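Dear colleague,

I am passing a structure on to you, with the sequence and the model placed just below. After them come my notes on what was found, written for someone who has not looked at this structure before.

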Amino acid sequence: MPPDITDLPENVVNAILMRLPLRDAVRTSILSKKWRYKWCKVPQLTLGDELWKTTNNLLSPSIKFTAIMYNILTLHSGPVTNFTLSMSTLKKYPMIGNLIYFLSRNGIQHLVLRFSKWNRHKLPSSFFTCSQLRHLTLQNCLICPPRAFKGFNMLISLELCHVSVSSKSLESLISSSPLLEKLVLKIPDSVDHLQIKAPKLRSFYFKGCIKFISLKNIPHLAKLYLLYGESFEESEKGDFHKFFQSHLALENLRLEYGSVQFLAAVVPRRLSSALNYLKRLYVSLGELDDLSCALCLIRSSPCLQDLEVKVSMEESDDEVDEVSASFSDVALNYVKRVKVSGITGTKLEMELIKLLLAKSPMLVRMLIEPNLYWVDKEKGVKILAELTTYKRASRIAKVECQLERKWT
């Protein structure tokens with residue numbers, strides 16, 4: 001006979017309950033007397049926006065939120081190591097202070113808090129006493145650390161999205177997390193200067209408006225994503241050589257629109273020290289300066305395997321000739337995959353694709369994604385027909401052109 005569900009080991013029961021939405025986990029209480037309060041000992045809880053939705057007009061989302069918070073605070077026993085709370089549809093957050101205090105006293109290690117963009121919530125002082133935090137994600141909140149705050153000594157990953165925090169507090173939060181390996185900053189508010197010190201950092205994603213950002217003492221940085229907002233034209237220019245010579249361990253680099261103007265006023269032809277570990281490179285080309293940056297990085301990355309280029313460049317006949325000349329000393333000896341997106345079929349774009357095919361002897365696949373807002377199917381077929389005439393340094397290279405719009 002199969003084992004009785006009421007006699008399952010506690011670790012198996014917890015594994016089942018942690019994979020269920022909270023509403024369904026609570027409903028397991030009706031299975032038997034033994035299951036009545038099993039959910040109250042689960043160390044991992046996820047409360048999504050769907051919990052606050054109600055078809056009863058007499059019961060507001062805030063009241064429902066309060067009821068759920070009350071049940072958790074009064075019934076749950078034992079540690080809560082993982083907690084995710086999404087409140088993007090709420091206007092008020094009743095009992096949120098009590099909840100965070102409860103988590104701070106129950107061993108929280110992985111915490112995700114997503115507030116509504118219409119009501120950024122100031123984190124209570126009890127939040128800064130969560131000394132065992134290892135993974136932290138915050139969205140749409142205000143961060144004002146108390147003077148006595150000494151940081152999260154065990155923090156490994158930090159993600160801040162649309163938060164309000166001063167540069168000084170942010171710098172302090174990062175520098176006082178000595179084990180930090182992953183950092184994600186999506187900051188819509190303009191920031192003047194930001195200095196990041198994180199000796200163990202391996203992955204850094206930045207999206208926002210800033211005048212100057214300094215990455216110091218980050219010798220193990222392997223993955224870097226930079227996207228600057230509208231204020232990049234006012235940004236202070238850095239030293240291109242100095243920036244990349246400080247990050248020779250890079251393996252994956254993504255430079256979105258605006259990043260090149262931020263990094264340097266003048267781009268060298270080649271870096272003085274090679275980026276020997278760089279395998280993947282993404283660049284967004286809006287101007288010739290962006291192309292100069294891309295070519296400098298390609299020349300300085302002898303082991304590059306994946307190259308992705310997004311184009312949105314205006315052209316002239318002189319620029320087409322300039323691009324051809326600039327590729328004279330470019331070698332893509334180990335590149336296996338190339339993706340070119342955003343093309344509209346201009347001479348400059350097609351010349352760029354032709355050169356990439358001619359310079360990649362190990363190429364396996366090239367994917368072309370036209371800008372389908374400007375390129376109809378008929379023009380796309382013409383682009384594809386022209387691509388078939390280009391010489392390829394690789395005998396096995398396949399060139400594909402995405403002519404259908406993907407809806408997500």
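The crossing of helices H3 and H4 is left-handed, and by class the contact between H3 and H4 has 7 nonpolar residues, 1 polar residue and no charged ones. Please keep in mind throughout that this is a predicted model.

To stay with this pair for a moment, H3 spans residues 61-75 and H4 spans residues 96-104, and their axes come within 10 Å and cross at roughly 25 degrees. Because angles under 35 degrees count as roughly parallel, H3 is described as roughly parallel to H4. On the H3 side the contact is made by Phe65, Met69, Ile72 and Leu73, which meet Ile96, Asn98, Leu99 and Phe102 of H4.

As for the chain as a whole, its secondary structure comes to 11 helices and 16 strands, and buried residues make up 45% of its 408 residues. Of the contacts with a separation of 6 or more, 65% are between residues 24 or more positions apart.

The largest nonpolar core has 112 residues, and those with the most contacts inside it are Leu85 and Phe204. If neighbours within four places in sequence are left aside, phenylalanine 204 is in contact with Leu183, Leu185, Ile196, Ile213, Leu215, Leu221, Lys223, Leu224, Tyr225 and Leu226.

Serine 214 lies in strand E9 (residues 203-216) and is buried, with a relative accessible area of 13%; apart from residues within four places in sequence, serine 214 is in contact with Leu194, Gln195 and Ile196. Serine 177, by contrast in setting, is found in the loop between helix H5 (167-175) and strand E8 (182-197), and because its relative accessible area is 2%, serine 177 is buried. Not counting residues up to four places away in sequence, serine 177 touches Phe152 and Leu155.

Valine 320, in helix H9 (residues 317-326), counts as buried at 13% relative accessibility. Although valine 320 and lysine 347 are 27 residues apart in sequence, their C-alpha atoms are 7.0 Å apart in space.

Finally, there are two backbone angles to look at. Most residues other than glycine have a negative phi. Histidine 162, however, has a positive phi near 55 degrees, and asparagine 217, likewise not a glycine, has a positive phi of about 55 degrees. Histidine 162 sits in the loop between strand E7 (157-161) and H5, where it is partly exposed, with a relative accessible area of 33%. Asparagine 217 is found in the loop between E9 and strand E10 (223-228), and at 52% relative accessibility asparagine 217 counts as exposed.

With best regards

Technical notes
Residues numbered from 1 in each chain as written. Predicted model: local features only at pLDDT ≥ 70, side-chain atom pairs only at ≥ 80, totals over all residues. Heavy atoms only, no water. Axes fitted to C-alpha atoms, helices over the stretch in contact; angles between N-to-C directions. Helix = DSSP H or I, 4+ residues; strand = E, 2+ residues; numbered from the N terminus. Parallel < 35°, antiparallel > 145°, perpendicular 65-115°, else oblique. Left-handed = near helix turned anticlockwise from the far one by under 90°. Contact = heavy atoms within 4.5 Å. Nonpolar A, V, L, I, M, F, W, Y, C, P; charged D, E, K, R; others polar. Core = buried A, V, L, I, M, F, W, Y, C linked by side-chain atoms within 4.5 Å. Buried < 20%, exposed > 50% of the residue type's maximum accessible area, 1.4 Å probe, protein only.
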